[in-house]
Amino acid sequence: MTLLQSLISLGSLPKTTTIETLVIAAGGTAGQNGGGGGGAGGVVYTASYGITAGSTYTVTVGAANGGASGGGNSGTSGGNSSITGQTTAVGGGAGQGRDSGTGLTGGSGGGGSPPAGQTGQAGTAGQGNSGGNGTSDLGGSSGAGGGGGQASSGTSGSSQQGGNGGNGYLSSITGTSTGYAGGGAGSGLDYANFGGKSGTVQLNYGGGGWNGTYNAAGSSANGRVNSGGGGGGLANATNSGNGGGGTGGSGIVVIRYPNTYADAVSTTGSPTYLNSGGYVVYTFTGSGSITF
């Protein structure tokens with residue numbers, strides 16, 4: 001009889017003393033009216049975090065904040081995510097709006113916008129990367145920078161072409177290989193035809209953006225829910241100043257440990273529970289707590 005079988009026969013399992021965690025903040029919103037892409041939420045992965053049996057740990061999952069109000073303003077940064085005692089994952093930085101405001105730093109930084117060629121904002125060391133730069137106007141056309149992602153920076157915009165969002169983070173902690181924390185694409189704009197093209201959409205990593213074609217109308221795209229992806233810029237069909245930026249994706253917190261240990265004593269916030277592949281996995285898509 002194995003140790004596990006023996007413990008089961010006695011009606012109890014030992015309590016774990018370490019947990020593996022993945023904490024991802026919400027992504028930032030893209031800037032309006034040809035603005036920069038939103039930065040991805042910060043990523044904090046811990047392979048082995050010591051815990052105390054009987055203690056309760058608060059889990060905070062960052063929310064995706066709404067977009068800017070008014071044409072041409074910058075977006076809003078995503079909410080932070082955390083577990084008690086661990087490093088906080090910083091929300092993704094807002095993309096810069098074309099007409100006013102500035103992009104913001106974050107887990108990954110937001111992209112810069114035209115018309116003056118604003119620079120992308122910085123990410124947080126160890127959690128993400130910087131956003132790409134916007135172009136100055138080039139004969140009536142311009143391109144905004146993509147938001148930064150966990151694995152790489154956003155690229156800069158070019159004539160009529162937005163910058164790509166930065167690549168994100170791939171993890172199998174939930175039992176399924178899933179991409180997180182991709183930057184939002186920047187948007188392009190051609191004043192003569194009021195068209196343009198957004199940069200590459202980091203859909204595999206949760207980032208948003210409209211992957212349209214030159215001189216075609218489109219709409220912005222939000223980051224994927226519970227991915228920490230940045231919101232994508234809008235390749236605006238008119239110069240009316242009402243082109244909203246996509247909202248960043250909300251965050252996520254995942255906790256797992258070997259299933260040779262007992263389940264948590266209690267949880268709040270309704271995390272999903274999975275016992276598979278030799279692990280117990282708790283996935284929080286909203287804030288709550290866990291007691292071991």
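**Note on strand E3 and its surroundings**

1. Four bridges connect strand E3 to strand E13 (residues 288-291), and the two run antiparallel. The structure discussed here is a predicted model. Within this pairing, Val59 has Gly288 of E13 as its bridge partner.

2. On another pairing, E3 is joined to strand E4 (residues 82-83) by two bridges, again in an antiparallel arrangement. Here Thr60 is the residue concerned, and its bridge partner in E4 is Ser82.

3. Strand E3 covers residues 56-60 and presents two faces. Tyr57 and Val59 make up the covered face, whereas Thr56, Thr58 and Thr60 belong to the uncovered one. In a regular strand, side chains alternate between the two faces of the sheet.

4. The C-alpha atoms of Gly85 and Tyr57 are 8.3 Å apart in space, and the two residues are 28 residues apart in sequence. Gly85 counts as exposed because its relative accessibility is 67%, and the cut-off for exposed is over 50%.

5. In soluble globular proteins, nonpolar side chains tend to be buried together.

6. Which residues does Ile255 touch, leaving aside those up to four places away in sequence? Among them are Val59, Ile83, Phe284, Ile290 and Phe292. The contacts of Ile255 also include Ile19, Glu20 and Thr21, as well as Val280, Val281 and Tyr282.

7. The count of salt bridges comes to one. Arg256 forms a salt bridge with Glu20, and the closest N and O atoms are 2.6 Å apart. Arg256 lies in strand E9 (residues 252-258) and Glu20 in strand E1 (residues 18-24), so the pair ties together parts that are 236 residues apart in sequence. Side chains of opposite charge can pair when their charged atoms come close.

8. The cut-off for buried is under 20%.

Technical notes: Residues numbered from 1 in each chain as written. Predicted model: local features only at pLDDT ≥ 70, side-chain atom pairs only at ≥ 80, totals over all residues. Heavy atoms only, no water. Buried < 20%, exposed > 50% of the residue type's maximum accessible area, 1.4 Å probe, protein only. Pairing = 2+ DSSP bridges. Salt bridge = Lys/Arg side-chain N within 4 Å of Asp/Glu carboxyl O. Contact = heavy atoms within 4.5 Å.
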